[in-house]
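The sequence and structure are shown first.

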Amino acid sequence: MCCFKQFLKDEDGVGVVEIILILVVLIGLVIIFKNQLTSLVKTIFNKISSQSSTI
(Lines give C-alpha, C1' and ligand atoms only; values in the text may rest on other atoms or scores of the structure.)
Protein backbone atom coordinates (compact mmCIF):
# COMPACT_ATOMS: atom_id res chain seq x y z
CA MET A 1 0.00 0.00 0.00
CA CYS A 2 2.91 2.33 0.71
CA CYS A 3 4.26 1.91 -2.82
CA PHE A 4 0.86 2.76 -4.28
CA LYS A 5 0.73 6.07 -2.38
CA GLN A 6 4.23 6.93 -3.60
CA PHE A 7 3.15 6.07 -7.15
CA LEU A 8 0.21 8.48 -6.90
CA LYS A 9 2.44 11.26 -5.56
CA ASP A 10 5.11 10.69 -8.22
CA GLU A 11 4.84 13.40 -10.90
CA ASP A 12 7.70 12.40 -13.20
CA GLY A 13 5.32 11.27 -15.95
CA VAL A 14 3.20 14.41 -15.86
CA GLY A 15 5.39 16.19 -18.42
CA VAL A 16 5.04 13.33 -20.87
CA VAL A 17 1.26 13.28 -20.46
CA GLU A 18 1.06 17.02 -21.03
CA ILE A 19 3.15 16.79 -24.20
CA ILE A 20 0.97 13.96 -25.51
CA LEU A 21 -2.21 15.94 -24.80
CA ILE A 22 -0.81 19.01 -26.58
CA LEU A 23 0.13 16.87 -29.59
CA VAL A 24 -3.36 15.34 -29.69
CA VAL A 25 -4.95 18.79 -29.65
CA LEU A 26 -2.62 20.07 -32.40
CA ILE A 27 -3.27 17.02 -34.59
CA GLY A 28 -7.01 17.47 -34.05
CA LEU A 29 -6.80 21.11 -35.12
CA VAL A 30 -4.82 20.18 -38.23
CA ILE A 31 -7.43 17.56 -39.14
CA ILE A 32 -10.32 19.99 -38.56
CA PHE A 33 -8.76 22.85 -40.55
CA LYS A 34 -7.01 20.71 -43.17
CA ASN A 35 -8.74 22.28 -46.18
CA GLN A 36 -8.14 25.85 -44.99
CA LEU A 37 -4.47 25.14 -44.22
CA THR A 38 -3.95 23.48 -47.60
CA SER A 39 -5.44 26.41 -49.50
CA LEU A 40 -3.43 28.90 -47.43
CA VAL A 41 -0.15 27.08 -48.13
CA LYS A 42 -0.97 26.82 -51.85
CA THR A 43 -1.72 30.54 -51.99
CA ILE A 44 1.52 31.40 -50.24
CA PHE A 45 3.58 29.20 -52.57
CA ASN A 46 1.83 30.63 -55.63
CA LYS A 47 2.70 34.16 -54.47
CA ILE A 48 6.30 33.15 -53.82
CA SER A 49 6.57 31.52 -57.26
CA SER A 50 5.03 34.46 -59.11
CA GLN A 51 7.07 37.08 -57.27
CA SER A 52 10.34 35.18 -57.50
CA SER A 53 10.16 35.26 -61.30
CA THR A 54 10.36 39.05 -61.20
CA ILE A 55 13.72 39.01 -59.44
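## Surface and model basis

Of the 55 residues in the chain, 0% count as buried (under 20% relative accessible area, with a 1.4 Å probe and protein chains only). The accessible surface is about 5,400 Å², and 72% of this belongs to carbon and sulfur atoms (Shrake-Rupley method).

The model is predicted: local features need pLDDT of at least 70, side-chain atom pairs count only at pLDDT 80 or more, and totals for chains, interfaces and linings use all residues. Residues are numbered from 1 along each chain as its sequence is written, and side-chain values use heavy atoms, leaving out hydrogens and water.

## Confidence

The average pLDDT (predictor's confidence in each residue, 0 to 100) is 85 for the chain, and 85% of the residues score at least 70. Helix α1 (residues 2-9) has the lowest confidence, with a mean of 71, whereas α3 has the highest, at 93.

## Helices and their contact

The chain has 3 helices and 0 strands (DSSP runs: H or I of at least four residues for helices, E of at least two for strands).

The axes of α2 (residues 14-32) and α3 (residues 34-52) come within 4 Å and cross at roughly 75° (lines fitted to C-alpha atoms over the stretch in contact; angles from 0 to 180 degrees between N-to-C directions). The two helices α2 and α3 are therefore roughly perpendicular (65 to 115 degrees).

Definitions and conventions. Parallel < 35°, antiparallel > 145°, perpendicular 65-115°, else oblique. Buried < 20%, exposed > 50% of the residue type's maximum accessible area, 1.4 Å probe, protein only. Areas by Shrake-Rupley, 256 points an atom, 1.4 Å probe, with all protein chains shown as cover.
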